[in-house]
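User: Please walk me through the helix packing and the ligand site here. Keep it short.

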Amino acid sequence: MQPQTQTTFQSFGLRPTTMAALAKKGYKQPTPIQELAIPILLQGDDIIGQAQTGTGKTAAFGLPIVEDTRPGRVIQTLILAPTRELANQIVGELAWMAHGTPFKATAIYGGVGFGNQISSLRRGDLTCVVACPGRLLDLLQRREIDLRHVRHVVLDEADRMLDMGFIRDIEKIFQHLPRDRQTMLFSATMPPEVRKLAERYLRTPEFVRAESGPTATELTDQFEIKVQGDKFPVLLALMQKEDPVASVIFTKTKHGAKRLARRLAACGYKTDALQGNLSQNARDRVMAAFRDGSIEHLVATDVAARGLDVSGITHVVNYDFPMVNEDYVHRIGRTGRAGKRGRAFLFVEREEERDARAVERIAGVKLERYDVGPLPQVPAEASAGAQKPQLAHSRTPRGPPKPHRGGGNGRSGHGGGRSSQGRSYGSARPQGRRW
Ligand code: AMP
């Protein structure tokens with residue numbers, strides 16, 4: 001299905017509260033996935049939406065759900081998401097859409113105590129939960145959550161949930177849901193397992209795919225860099241040549257993320273690692289720092305970075321190959337968002353050549369060869385064997401101050417005031433990053 005006309009939000013017949021929320025948010029026109037999905041969902045039909053993060057899929061399902069939320073103290077909507085970051089992000093998006101309506105959502109995820117989540121469920125004022133499958137199932141088994149009145153179910157990033165091994169949990173959760181419901185499945189890719197899931201739980205769904213309008217993948221210039229041996233000097237050369245305002249650098253393992261962040265910090269970059277071993281508080285701190293710009297380069301594993309929507313990420317570096325080639329598309333979806341061009345780099349070792357070609361097929365692009373130029377000397381404190389960050393006076397290998405990614409003017413104080421942790425917090429930011 002393709003959108004035929006330049007539709008407006010007005011033409012969907014949305015309530016005045018929703019129109020006011022859209023105007024306040026500054027959304028002028030629906031994105032292609034919204035244009036296709038919203039009318040189907042407002043009619044109450046099931047849907048399979050093939051859409052990457054960055055296409056506006058949250059509002060595509062969120063607006064019709066908010067519109068159809070009735071006053072009453074029962075959970076009417078269940079949204080399943082693969083990670084806590086995505087769950088939190090969806091709750092945040094729904095909150096502005098629902099301003100002035102009875103809709104109220106909370107996020108449910110593991111890795112934190114049960115206490116707060118149980119208290120918010122017991123308060124009984126929620127109409128929606130946005131949940132990671134594992135913790136939701138725990139709460140169902142403890143009889144702390146009642147899903148008997150659910151009328152809307154969303155499976156968001158279904159491909160990712162299946163990759164993460166949530167299929168059994170999802171099957172069990174569906175046993176707790178009423179048969180009479182509207183079910184929506186969104187997924188960046190449509191492998192056979194996702195289709196099977198849709199066949200099983202959706203009722204004569206419409207399939208929509210936002211093909212018009214550039215996707216994050218199309219808005220990103222994509223390059224491959226041949227590497228062999230220690231990749232760190234290549235990364236340094238790349239950072240010096242590209243001088244990214246904000247980047248996400250992907251590693252395969254948690255340990256690899258920590259080590260790489262340490263090495264980059266030792267070279268004067270404002271960086272930290274986002275990986276699954278962090279406590280929820282530590283993750284929140286890292287994310288807040290990345291959002292407000294006190295961290296400029298986030299080293300992340302795939303699971304940790306899934307679903308992040310931080311505007312203004314100029315570069316994505318695939319330092320290690322993803323575990324599954326399909327994740328390449330998710331990774332580069334962190335940049336090239338909201339109509340802004342991004343740049344993505346894939347480090348390719350000789351034995352990964354075949355995977356690089358597979359990635360090209362999956363992403364539907366031809367990766368351009370990129371030459372980083374001469375490799376710089378790696379400072380001793382950033383050498384592969386260095387255990388601890390050495391810091392305060394490490395050199396800053398970058399060029400002049402860059403414009404802030406929020407579109408502001410050049411930053412002042414760039415490179416100033418390094419903390420004893422090797423990160424610089426010296427630059428005053430004119431504005432924070434938007435999620
Ligand atoms: P999503 O794919 O839901 O993660 O959304 C990607 C980004 O696009 C988010 O930052 C949204 O706030 C933004 N967005 C979604 N819909 C619209 C729209 N109709 N107009 C402008 N921005 C939008």
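Analyst: What follows is a set of questions and answers on this predicted model.

User: Are α2 and α3 roughly parallel or roughly antiparallel to each other?

Analyst: Helix α2 spans residues 32-42 and helix α3 spans residues 57-67. They pack at an angle of about 25°, with their axes 9 Å apart. Angles under 35 degrees count as roughly parallel. α2 and α3 are therefore roughly parallel.

User: How many residues in the contact of α2 with α3 are nonpolar?

Analyst: α2 brings Ile33, Gln34, Ala37, Ile38, Leu41 and Leu42. Facing them in α3 are residues including Phe61, Leu63 and Pro64. By class, 1 contact residue is polar, 2 are charged and the nonpolar ones number 10.

User: How does α3 lie relative to α4, and what is the hand of the crossing?

Analyst: α3 and helix α4 (residues 84-97) pack at about 50°, with axes 10 Å apart. That angle makes α3 oblique to α4. The contact includes Phe61 and Val66 of α3, and Ile90 and Leu94 of α4. The crossing of α3 and α4 is right-handed.

User: Which residue has a polar backbone atom 2.7 Å from an oxygen atom of the ligand?

Analyst: The ligand is surrounded by 16 residues, with Tyr27, Gln34, Gly54, Gly56 and Thr58 the closest. A polar backbone atom of Thr55 lies 3.0 Å from a ligand oxygen. The 2.7 Å distance to a ligand oxygen belongs to Gly56.

User: What is the distance from a backbone N or O atom of Gln29 to a nitrogen atom of the ligand?

Analyst: Here the ligand atom is a nitrogen. A polar contact needs N or O atoms within 3.5 Å. For Gln29, the backbone-to-ligand distance is 2.8 Å.

Technical notes: Residues are numbered from 1 along each chain as its sequence is written. This is a predicted model: local features need pLDDT of at least 70, side-chain atom pairs count only at pLDDT 80 or more; totals for chains, interfaces and linings use all residues. Side-chain values use heavy atoms; hydrogens and water are left out. Axes are lines fitted to C-alpha atoms, for helices over the stretch in contact, and angles run from 0 to 180 degrees between N-to-C directions. Helices (H or I, at least four residues) and strands (E, at least two) are DSSP runs, numbered from the N terminus. Angles under 35 degrees count as roughly parallel, over 145 as roughly antiparallel, 65 to 115 as roughly perpendicular and the rest as oblique. Contact means heavy atoms within 4.5 Å. Ala, Val, Leu, Ile, Met, Phe, Trp, Tyr, Cys and Pro count as nonpolar, Asp, Glu, Lys and Arg as charged, and the others, Gly among them, as polar. A residue is near a molecule or strand if one of its heavy atoms lies within 4 Å of it. A polar contact is a pair of N or O atoms within 3.5 Å; within protein, one must be able to donate a hydrogen and the other to accept it, and residues adjacent in sequence count only if both atoms are side-chain atoms. A crossing is left-handed if the near helix is turned anticlockwise from the far one by less than a right angle, and right-handed if clockwise.
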